[in-house]
Structure formats: structure tokens, C-alpha cells
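User: I am new to reading protein models. Please take a close look at one part and walk me through it.

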Amino acid sequence: MAETILKSNDLQQNQKTERVVSLIEGDGIGPEIIAQTIRILDAAGCGIHFERIEAGSSVYLSGKLSGISDGAWETIRKYPTILKGPITTPRGKGYKSLNVTIRKTLGLYANVRPARTYDPYIRTHFPNTDIVIVRENEEDTYAGIEHRQTREVTQCLKLITRPGTEKIVRYAFEFARSNGRKRITCMVKDNIMKITDGLFANIFQSVASEYPDIETESMIIDIGAALLAKNPQRFDVILAPNLYGDILSDIAAEVTGSVGMCGSANIGDHVAMFEAVHGSAPDIAGKNIANPTAVIKAAVMMLVHMGLPEKAKLIRNAVLTTIEDGFRTADVYNSSENTTLVGTKQYADAIIDRLGKNPRELGTTDLVKPKAFELKTLDIKEKKELVGVDIFLDIFENRNPNELGKKLEAICKDFLKLKMITNRGVKVYPEGQPETFLTDHFRCRFVSPNGGIIQHKDITAVLTILDSAGFDFIKTENLYQFDGVIGYSLGQGE
């Protein structure tokens with residue numbers, strides 16, 4: 001690897017004429033598949049040099065819980081295109097996923113994961129499948145905001161924002177239009193999460209009206225994932241929030257052959273990172289058996305992003321020709337087929353030998369970088385009014401909703417009216433059902449006695465009363481309406 005990574009003084013001399021990429025070699029099989037990818041890039045004459053960044057297991061174990069060195073951020077700002085190998089996050093509390101840290105810190109909001117079959121050369125149950133998953137990359141439950149609130153209850157906040165959603169939706173449409181894709185399927189769970197997933201679905205429908213050339217459909221995520229596993233050929237581009245997109249990406253990779261064959265792009269306004277979708281596989285590290293295809297395909301996507309589409313096409317065609325000629329690493333090798341089992345380096349050698357050749361059957365369209373776009377959400381103005389508050393109480397003993405409700409009504413009536421109490425989202429007061437299972441986590445919804453707006457001072461007065469009465473309130477959530485429409489969910493049974 002040493003000869004392929006320039007020292008800082010070399011970079012100063014070459015940065016005006018050479019393309020420089022920030023490099024994270026990764027852990028496990030990362031260094032060896034990155035090394036072979038760089039050999040291919042060099043052989044293709046891409047003219048790329050790499051500025052190495054210290055990140056991953058060694059940085060974690062040195063005591064830095066983020067997994068990335070302090071100087072890395074300045075390097076990335078200077079060279080904002082990143083090629084990255086898979087990272088191992090050590091087990092144990094306190095270690096943060098480096099993948100998530102990089103994506104969120106650098107605003108890499110769009111995760112793009114193409115998945116296609118290579119039939120008849122690599123067998124699959126689903127021939128002629130060619131899908132792209134476009135996944136929101138910063139929000140949702142992956143915002144990483146979790147709390148343990150009581151002895152029995154934990155929570156994870158699901159954050160879906162209007163501008164964040166509009167960015168990923170517009171990116172998906174621009175990607176589809178630029179790359180000749182005809183249909184986008186949006187997968188959400190807006191029948192249950194009507195506010196969060198509902199916002200995502202509504203923005204998708206709104207933006208879709210501006211792209212009449214692209215067909216659209218919306219699916220509930222559970223049936224959508226089932227259809228992806230059963231009949232992936234029906235899909236073209238799939239758009240999803242973060243968590244669903246992560247799951248769908250792995251399903252798509254597996255039904256099209258192997259996660260070892262899928263690369264991904266993480267796109268932001270200023271920085272882009274390209275990586276394999278698989279993990280670091282430490283059990284096979286250093287054995288020359290890892291499949292480098294995923295990171296090679298990520299590098300092809302990187303070349304398109306850097307404005308080198310001809311070099312991307314050159315390498316892509318060499319990979320497809322190598323597959324047609326029967327070279328296989330262990331993860332996709334089948335002894336019953338007329339193919340040749342090769343190691344990591346030998347597979348890269350075969351690709352280098354085929355640079356300049358075109359595949360006979362495995363044709364594919366050229367990947368195109370989407371056009372830039374502008375957001376429109378900042379123009380939205382709504383009247384926001386405070387109409388209530390949910391106060392969450394930790395009640396470990398004497399979990400009697402009727403007693404609790406009557407007491408809260410009596411002590412808080414001079415300020416706010418108790419509308420209901422729920423437990424795990426189910427109404428337990430008034431008129432709760434005795435069969436409902438109770439934890440120590442009670443949500444108490446207070447509203448104005450006359451049904452109008454309330455003041456923050458009303459909330460603080462009630463909290464003071466609860467504190468004086470010995471109640472342990474663990475969080476509050478203000479209840480707002482926007483242009484007269486409630487911005488909160490009703491309790492089940494409310």
C-alpha cells in the first residue's frame with residue numbers, strides 16, 4: 001500500500017494536476033480489498049492519489065470513542081471525496097458507529113445502493129433484476145437519540161424533518177431522471193406513524209407532481225419488503241427513510257446475488273463517501289479470499305461523481321467481462337459450474353487484464369451524476385399554537401390508572417384539564433380496560449379547560465404542583481396545532 005499513498009509533501013506538489021481522494025482503508029478485509037481497488041484505478045489511468053486517514057479499530061482502541069482521528073476532518077474538507085473500506089466497531093458501551101458519525105457529521109444525506117443480477121453468469125432466483133435503493137441517511141431512528149426513562153421503559157426518538165425529507169426525495173427524482181429510471185416506489189409505514197412517516201409520504205407525493213415523466217407508487221413497508229424478497233424485478237428505484245432503507249438495501253443485495261457485489265455512495269452537498277455495503281469480515285482477513293467487487297463498484301460510482309465517467313465505464317466493463325469469463329471469489333463460486341475459483345488479488349489481476357474490453361452480454365447503462373436542485377420548504381409558513389402538554393410520569397408502585405387520574409384532576413384543575421392517561425400509547429383513563437398491560441411509564445395529557453390555547457406558564461405551574469405532590473415527571477412533550485390541524489397523535493382509544 002505504501003507506494004499508492006502520497007505523503008503530504010508529495011500532495012502539495014501534485015494537488016494542482018492530480019486528483020486527490022481521502023482514503024479510509026478500514027479494518028478486517030478492508031485494507032486488502034482497498035489495495036486491489038487502487039491497483040485497478042491505477043491501471044485504468046485514473047490519475048488519483050490518496051491521502052490516508054486514520055480511522056477504525058486502531059483509533060477506537062487508542063481511546064477515541066468516535067473511531068476517527070482529530071485531524072481527519074480537515075483532510076476531508078481539503079479532499080471531500082472519500083473512498084472507504086469496512087470498519088469494525090468494537091463491542092462495548094460508548095463506542096459510536098463511525099459510519100453513522102461520518103454520514104451525519106458531514107451531511108451525507110443520500111445513500112445510494114444499486115443492486116443488480118449477473119445472470120446467467122452468477123445464479124440467482126431473480127434474473128433480470130436491476131434496482132437502486134435511495135435511502136435517507138441522517139434522520140429517522142438513526143438520529144441516535146435514545147433514553148432510558150424508567151426501570152422498565154426505554155425510548156428512541158424517530159425524527160423526520162421537512163427539509164431533510166425534501167432533500168432525499170428530490171435527490172431520488174433527479175437520480176431517476178438523470179439515469180433513465182422510470183419509476184420510484186416510496187416505502188413507509190404511514191398507516192401507523194401518521195405524523196412522521198406521513199410527512200415523508202406527503203412530501204414524496206408533493207414533489208412527484210413536479211416530475212411527470214417519472215411514475216410513482218407508495219407502499220406500506222411490510223408488504224413492500226415482502227414483495228422485494230418475492231418479486232424484485234418489479235422495482236426500479238426504491239425510496240425510503242433511514243431504517244427501512246437500511247433493511248431494504250440488504251434484502252436487495254441478497255436477492256441479486258451477494259452483499260459482496262454491492263457498492264454504495266453517500267452523497268452530501270459538500271462531501272461524498274463511497275464504500276462497500278458489507279462489513280469488515282475479520283474472520284477471513286488476510287487470507288486472500290475476500291471479494292473486492294463491492295468496493296470496486298463503489299469506486300466506479302466515485303469516478304462518476306468526480307467527473308470521470310469514461311474511466312468509470314472502462315472499469316465497470318472490465319468487471320463485467322471478468323464475471324462473464326468465469327472468475328469467481330469464494331462467496332459466489334459454485335463448483336458445479338464451469339468457473340474458476342480465484343483469490344482477491346487474482347480477481348483484481350483478471351479485471352486489470354480486461355481493461356478496454358466490453359462484456360458480451362452483461363450490458364448496463366452508464367451511471368450519471370444527478371443535477372443539483374433547490375429546496376422549497378423554507379417558504380412554508382404555518383400558524384403554530386400551543387394547545388396542551390403530555391407529561392410522562394414514572395410510577396413504579398400502585399399502578400392504578402383510576403386513582404392516578406382522579407388525583408391529577410384534583411390537584412391540577414386550577415391550571416390545566418387532564419384529558420387522558422395512556423400506558424404504552426393505550427388509553428387507561430378515563431374508561432380504561434382492566435386487561436391492558438401496564439408498565440411504570442404513564443403519559444398524562446393536559447389541555448386547556450376551555451379547549452383553547454395554553455401558555456408555557458400553565459405547564460410550569462402543573463409541573464410545580466406535580467413535584468410538590470411527589471410525582472416523578474420524566475419528560476414533557478408540548479402539543480401544538482398548525483393552522484388549526486393537530487400536530488400530535490391521539491391515544492389508542494382516545
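Which residues does Lys369 touch, not counting residues up to four places away in sequence? Please also describe the helices around that part.

Analyst: Keep in mind that this is a predicted model. Lys369 touches Ser178, Val304 and His305, once residues up to four places away in sequence are set aside.

Start with where Lys369 sits. Its place is in the loop between helix H12 (344-353) and strand E15 (384-394). The relative accessible area of Lys369 is 44%, so this residue is partly exposed. For a sense of place, compare Lys369 with Pro80. They are 289 residues apart in sequence. In space, their C-alpha atoms are 16 Å apart.

Now follow the touch to His305. Helix H10 covers residues 293-305. Val304, which Lys369 also touches, is one of the H10 residues that make the contact with helix H11.

Take that pair of helices next. Two packed helices are described by the angle between their axes and the distance between the axes. H11 spans residues 309-324. The axes of H10 and H11 come within 7 Å and cross at roughly 160°. An angle over 145 degrees counts as roughly antiparallel, so H10 is roughly antiparallel to H11. Their crossing is left-handed. On the H10 side, the contact is made by Thr293, Ile296, Val300, Leu303 and Val304. On the H11 side, Pro309, Lys311, Ala312, Ile315, Arg316 and Val319 take part. By class, the contact of H10 with H11 has eight nonpolar residues, one polar and two charged.

H10 has another partner, helix H2 (residues 30-43). Here the axes are 9 Å apart, and the angle is about 45°. H2 and H10 are therefore oblique to each other. This crossing is right-handed. From H2 come Ile33, Ile34, Thr37, Ile40 and Leu41. They meet Val295, Ile296, Ala299, Met302 and Leu303 in H10. The contact of H2 with H10 divides into nine nonpolar residues and one polar, with no charged residues.

For contrast, look at Ser249 in helix H9 (residues 242-255). Its relative accessibility is 5%, so Ser249 counts as buried. Leaving aside neighbours within four places in sequence, Ser249 is in contact with Arg113 and Ile133.

Phe482 gives a view from a strand. It is found in E19 (residues 473-482). Phe482 is partly exposed, at 28% relative accessible area. Beyond residues up to four places away in sequence, Phe482 touches Glu382, Lys383, Lys384 and Gly487. Its C-alpha lies 50 Å from that of Lys313, a residue 169 positions away in sequence.

Finally, step back to the whole protein. There are 14 helices and 20 strands. The C-alpha atoms fill a box of roughly 85 × 50 × 45 Å along the principal axes. Of the 494 residues, 52% are buried. Among contacts with a separation of 6 or more, 77% join residues 24 or more positions apart.

Terms used:
Residues are numbered from 1 along each chain as its sequence is written. This is a predicted model: local features need pLDDT of at least 70, side-chain atom pairs count only at pLDDT 80 or more; totals for chains, interfaces and linings use all residues. Side-chain values use heavy atoms; hydrogens and water are left out. Axes are lines fitted to C-alpha atoms, for helices over the stretch in contact, and angles run from 0 to 180 degrees between N-to-C directions. Helices (H or I, at least four residues) and strands (E, at least two) are DSSP runs, numbered from the N terminus. Angles under 35 degrees count as roughly parallel, over 145 as roughly antiparallel, 65 to 115 as roughly perpendicular and the rest as oblique. A crossing is left-handed if the near helix is turned anticlockwise from the far one by less than a right angle, and right-handed if clockwise. Contact means heavy atoms within 4.5 Å. Ala, Val, Leu, Ile, Met, Phe, Trp, Tyr, Cys and Pro count as nonpolar, Asp, Glu, Lys and Arg as charged, and the others, Gly among them, as polar. Buried means under 20% relative accessible area, exposed over 50%, partly exposed in between (1.4 Å probe, protein chains only).
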